[in-house]
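Please look over the structure shown below before reading on.

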Amino acid sequence: MSAGTYFDAGEQESTQSVAAEMQAKRLQDFLKGRRDHLDLSQEAVAERLEISARAYGNWERGRVKEWTDAKLYALAEALEMSEFQTARLFQYAAGRVPQPEVRTRLRRARSSTRESSAFLGDYTVMMDALALPTFVIDPAWDVKLANKGYRDLFRNVRYHPTAMPSQNFLRFGLFHPDAPSIFADHLKWQLAMLAQLSSSLEQHSDDNGLQAIRRDVYRHPALRDAYLTDMPNWVLGTGADLVHHEGAVRALRHPDPRLGLKGCRLVEETPRSLKSLGLMRLTLVLIDLDERIVPGSRGTHDHHAA
């Protein structure tokens, strides 16, 4: 390769670098000018975008890994841009023209999200009128809604960085040190929760939240052994998991002394409206322990039996 070739390659790389810097400066001036015209701070624009002020600062400087249509259209709306200004934004940021059909799809999706949020807000009010602990979860058992009865049940639980009952029901039962104080005969609860984890993973094998719970189970020797050995044997005997074995009654200790030790049956009662959002509603039905009937319990001495 000749010296001239090396020079040409270096010169081309330098030219591209200068062009990229000019494009970033043009974008920065354009966004800052629009922001100043609206008399908005970076923090105010960031709030409109629902991102951090630092993240917006990077957007304004063009430090974005990929300018997606969703980001660019959100930015255009946050800065109240006209169609002409939006077209300039796309050209400065991504070197291409806008795609109106994409914007239409994004607006429909946001509208649907707003409607869902409004519905869930109303549903929370309805749940708070129920006395029994009731909560709504997603496929990874993250708690999305919970009523006052649910919050009262766990009101004395100490803080835990990863296993709060307001965050994830399975994580609380499996990993929180306060779980045995509420879930009496904790081993039975844990075994049922491990079975539920396995059942949920069969249906949602790619769910990152469920995979993370399983990884944490494997890091805990006793839970790992129960998950790999005791739980499969238990499932073979009962054919049940935590949710769909609604005849199973487990002991629960309520912090309200007027309730105290109760029997608990976990019942799924998901309306179509929640199911369409990929959510499930569960209720902890509390009964007197002396009224409980546990099918198939006669003669069993297994400490993991449901």
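A charge is taken to sit over a ring if NZ of Lys or CZ of Arg is within 6 Å of the ring centre and within 35 degrees of the ring normal. In this predicted model, the charged end of Arg250 meets that description, sitting over the ring of Trp189 at 5.9 Å from its centre.

- A search of the whole structure finds 13 aromatic pairs, and one of them joins Phe169 and Phe183 in an edge-to-face arrangement, with 5.8 Å from centre to centre and 65° between the planes.
- Because Phe169 lies in helix α8 (residues 169-175) while Phe183 lies in the loop between α9 (179-182) and α10 (186-203), this pair ties together parts that are 14 residues apart in sequence.
- Phe183 also pairs with Trp189, and here the rings are stacked, with 4.3 Å from centre to centre and 20° between the planes.

- Phe169 and Phe183 are both buried.
- The cut-off for burial is a relative accessible area under 20%, so Phe183, at 0% relative accessibility, counts as buried.

**Helix α5**

- Helix α5 (residues 83-94) has 12 residues and reaches 16 Å from its first C-alpha to its last, which is close to the 16 Å expected at 1.5 Å a residue.
- Within α5, the buried residues include Thr86, Leu89 and Phe90, and also Tyr92 and Ala93.
- Gly95 follows α5, and its phi is positive, near 65°.

**The protein as a whole**

- The secondary structure comes to 13 helices and 5 strands, and buried residues make up 41% of the 306 residues in the protein.
- Among contacts between residues at least 6 apart in sequence, 55% join residues that are at least 24 apart.
- The protein exposes about 17,300 Å², of which carbon and sulfur atoms supply 51%.

Conventions: Residues are numbered from 1 along each chain as its sequence is written. This is a predicted model: local features need pLDDT of at least 70, side-chain atom pairs count only at pLDDT 80 or more; totals for chains, interfaces and linings use all residues. Side-chain values use heavy atoms; hydrogens and water are left out. Rings of Phe, Tyr and Trp (its six-membered ring) pair if their centres lie within 6.5 Å; planes under 30 degrees apart count as stacked, over 60 as edge-to-face and the rest as tilted. Helices (H or I, at least four residues) and strands (E, at least two) are DSSP runs, numbered from the N terminus. Buried means under 20% relative accessible area, exposed over 50%, partly exposed in between (1.4 Å probe, protein chains only). The expected span of a helix is 1.5 Å times one less than its number of residues. Contact means heavy atoms within 4.5 Å. Accessible areas come from the Shrake-Rupley method with a 1.4 Å probe; for residues, only the protein chains shown count as cover.
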